[in-house]
Amino acid sequence: MLNIESVSKSFPLQRAQRKSGGPGRVEVLRDISFKVEAGTTFGLVGESGCGKSTLARVAAGLYRAESGHVRLGGCAGKKPRLQMIFQDPYSSLNPRWRVYDLIAEPILFDKLRKTADQTRTRVQTLLELVGLTPADGAKYPHEFSGGQRQRISIARALAGEPNVLICDEPTSALDVSVQAQILNLLKRLQAEFGLTMLFISHDLAVVRHMADRVGVMYLGRMAEIGPSEQVFADPRHPYTHRLLAAIPRIGKIDRGLVPLEGEVPSIHSPPPGCSFAPRCPDAIEICHLVCPCLTPEGNRVFACHVAAAKLVTAPEWS
Amino acid sequence: MMNDTILTIKNLHVSISVDPPIHALEGIDLTVQRGEILGLIGESGAGKSLIGSAIANLLVSPLQISQGSIELDSQRIDTLTERQMERVRGTRIGMIFQDPMTSLNPVLTVGHQLTETIRTHLKLGRVEGRARAVEWLKRVGLPAPEDMLSRYPHEFSGGMRQRIVIALALCAEPDLVIADEPTTALDVSVQAQILSLLRELHRETGVTVILITHDMGVLAQMADRVAVIYSGHVVELGRTSEIVEHSQHPYTIGLMRSIVDIDTPVATLFQIEGSMPRPSDRPSGCAFHPRCPRMTQRCHNDVPALEGNTLHRTACWHPGQTSGTEGTPKIEAKDAAC
């Protein structure tokens, strides 16, 4: 349904940011490829600055990819349609518009309903669908809590009758109990409308809960892609491994928090080899020199020299 | 270490004096033992940060302490003048805030800020102050601390800045540190580093810590005891393991169950319907009753007191661990109005 083919994206640097002799652009996405099957959720996780939001914007067509393609598949002869939900429900809703007008806008813009009556009915249906009441349509965004606002964003996105929905950190600004409500709502709507979702979050637990397949990003590259279950239960890339170990868990009061040493290197001067090598406990010489390509294994891929070497040698010895 | 109380909060009300007054905190009773890490957890607007601000006397008008007392080592600190309080902050109470950029002065070098703090509070000379500053930067894990002194806050990453803030909070050797969401702005890998650092420094210095966070995972890893805050009240208080494994209050139970657990995937998340009321329209009786599956007439009428033993106390008319039927997740979106 959604096909990302070796997408790269870089932004020009301002003069002040340029180092003498250095490149004039900073590479934010480097050769990203993945497919999202119809009706499934692809989760993107990574730490801040890894490029996941840029990727979402490229996928949504808000940024143009420098090289590579973004392909949207249609569904049963219909044109593909895409909508997006943003992180901050405070800045993504125009404060001077009534909720009704916010939700009606995509319908009017694309002439999805013929008459004013049909539009009104549609907006009311959408409001009820996300757990609000038709009376809420007359209110302004400031009259709602963060969770309710995110419901309005969802209703607005659905008003465009999308088959692909891109959610960029939709619950990061919300409290835990409200987050649960919104995640449940998104899952229910996905099942109801057969939505294809690209779900972006820095929260590994949330991505695991939502996604069928997941891509772990590090410094503008994919570290590993695979079925959610496999990636989280048995990660191939040492970064995924370390990231999972760094999550403070409730169940384990044995204080087993394993911090990841060091910090994400600056995207302005990425390391020459594997971007994770400087922090990687398993790094060998080649990791510092050559950037690993994606190695396939079953229905997953990963970019790690060490894990790839294990893959090659294991069958011979076992 | 037992029964060595460093901080006692009695019947603390923090209010906005309008008519009728709005109580953002309504009768908080807490004691903090010397050397422990006490976690305060709650959702945004619950009042957990206000408790921290009230202790440090950093409440901003129109919020003020309208009732109750705060004692640090048996001395009232809520009635001190700003001048007296300045001496308490720093030497007795250190603060770590969520956003390291706002707690550091952007136009002064890190060395200046650190040396100044150390010299003011510990009454040390220039050379000695500088030596201490270097020592603290080393302790919080900054590479090449001597070179770092002449740098400005913007030259550091978020994690490094938070290390500097921790050094600032601890350098005057306070007895109590209030850490308000110290890792919320950080990435998970950096968060783990900062939490490890805090734990290490806590072990070395024996400083008492009040850790305010919305993340139960952080508390489970860090805190000795946890206080659950809901709408200006402490609704449950006890040993961390007790709260995590045997929570009695329906709010705590719901909160714990609505957390997305990475290790045990579920099809549908548990959700508490509705949202926390604002202090201005807090319902009568138990503030949680409109959202509570155990609600009875009594919950509607009377405010429950925090009762139980020293290990575990709950403010609920119908405490108890969840039974099988009560926890069935509801997904009717029509009922939900978060």
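Begin by selecting Asp263(B) and Arg249(A), which form a salt bridge across the two chains with their closest N and O atoms 2.6 Å apart. Keep in mind throughout that this is a predicted model. The count between chain A and chain B is one salt bridge, alongside 14 residue pairs in polar contact, with both residues of each pair at pLDDT 80 or more.

The size of an interface is often given as the accessible area lost when the parts come together; here chain A and chain B bury about 4100 Å² between them, 56% of it on carbon and sulfur atoms.

Now turn to the sheet of chain A, an open one of eight strands in the order E5-E6-E7-E3-E8-E9-E11-E10, with mixed pairing. Its edges are strand E5 (82-85) and strand E10 (295-297) of chain A, each of which pairs on one side only, and the twist averages 20° from one strand to the next. Within this sheet, select strand E6 (residues 164-168) and strand E7 (residues 196-201) of chain A, which pair in the parallel sense over five bridges; in E7(A), Ile200(A) is the bridge partner of Asp168(A). Helix H5 (residues 176-193) of chain A packs on the sheet, where it touches strand E3 (41-45), E5, E6 and E7 of chain A, and its direction makes about 160° with that of E7(A).

Because Glu229(A) lies in helix H7 of chain A and Arg208(A) in helix H6 of chain A, the pair ties together parts that are 21 residues apart in sequence. Glu229(A) is partly exposed at 45% relative accessibility, whereas Arg208(A) is buried, with a relative accessible area of 10%.

Move to chain B and select strand E3 (residues 37-41), in which five of five residues are buried. In a regular strand the side chains alternate between the two faces of the sheet. In E3(B), both faces are covered, with Ile37(B), Gly39(B) and Ile41(B) buried on one side and Leu38(B) and Leu40(B) buried on the other. Five bridges join E3(B) in parallel to strand E8 (residues 208-213) of chain B, where Thr213(B) is the bridge partner of Ile41(B). Four bridges join E3(B), again in parallel, to strand E9 (residues 225-230) of chain B, and Gly39(B) stands opposite Val226(B) there.

Then show helix H1 (residues 48-55) of chain B: seven of its eight residues are buried, so the helix is largely enclosed by the rest of the structure. After H1(B) comes Asn57(B), whose phi is positive, near 60°.

Finish with Glu82(B) and Arg89(B), whose side chains meet in a salt bridge of 2.6 Å, N to O. Then select Asp4(B), Arg34(B), Asp73(B), Arg92(B) and Asp175(B), which salt bridges that share partners join into one network.

Conventions. Residues are numbered from 1 along each chain as its sequence is written. Chains are lettered from A and ligands numbered from 1 in the order in which they are written. This is a predicted model: local features need pLDDT of at least 70, side-chain atom pairs count only at pLDDT 80 or more; totals for chains, interfaces and linings use all residues. Side-chain values use heavy atoms; hydrogens and water are left out. Buried means under 20% relative accessible area, exposed over 50%, partly exposed in between (1.4 Å probe, protein chains only). Helices (H or I, at least four residues) and strands (E, at least two) are DSSP runs, numbered from the N terminus. Two strands pair if DSSP finds at least two bridges between them. Axes are lines fitted to C-alpha atoms, for helices over the stretch in contact, and angles run from 0 to 180 degrees between N-to-C directions. Contact means heavy atoms within 4.5 Å. Buried area is the accessible area (1.4 Å probe) that two parts lose on being put together, summed over both. A salt bridge is a side-chain nitrogen of Lys or Arg within 4 Å of a carboxyl oxygen of Asp or Glu. A polar contact is a pair of N or O atoms within 3.5 Å; within protein, one must be able to donate a hydrogen and the other to accept it, and residues adjacent in sequence count only if both atoms are side-chain atoms.
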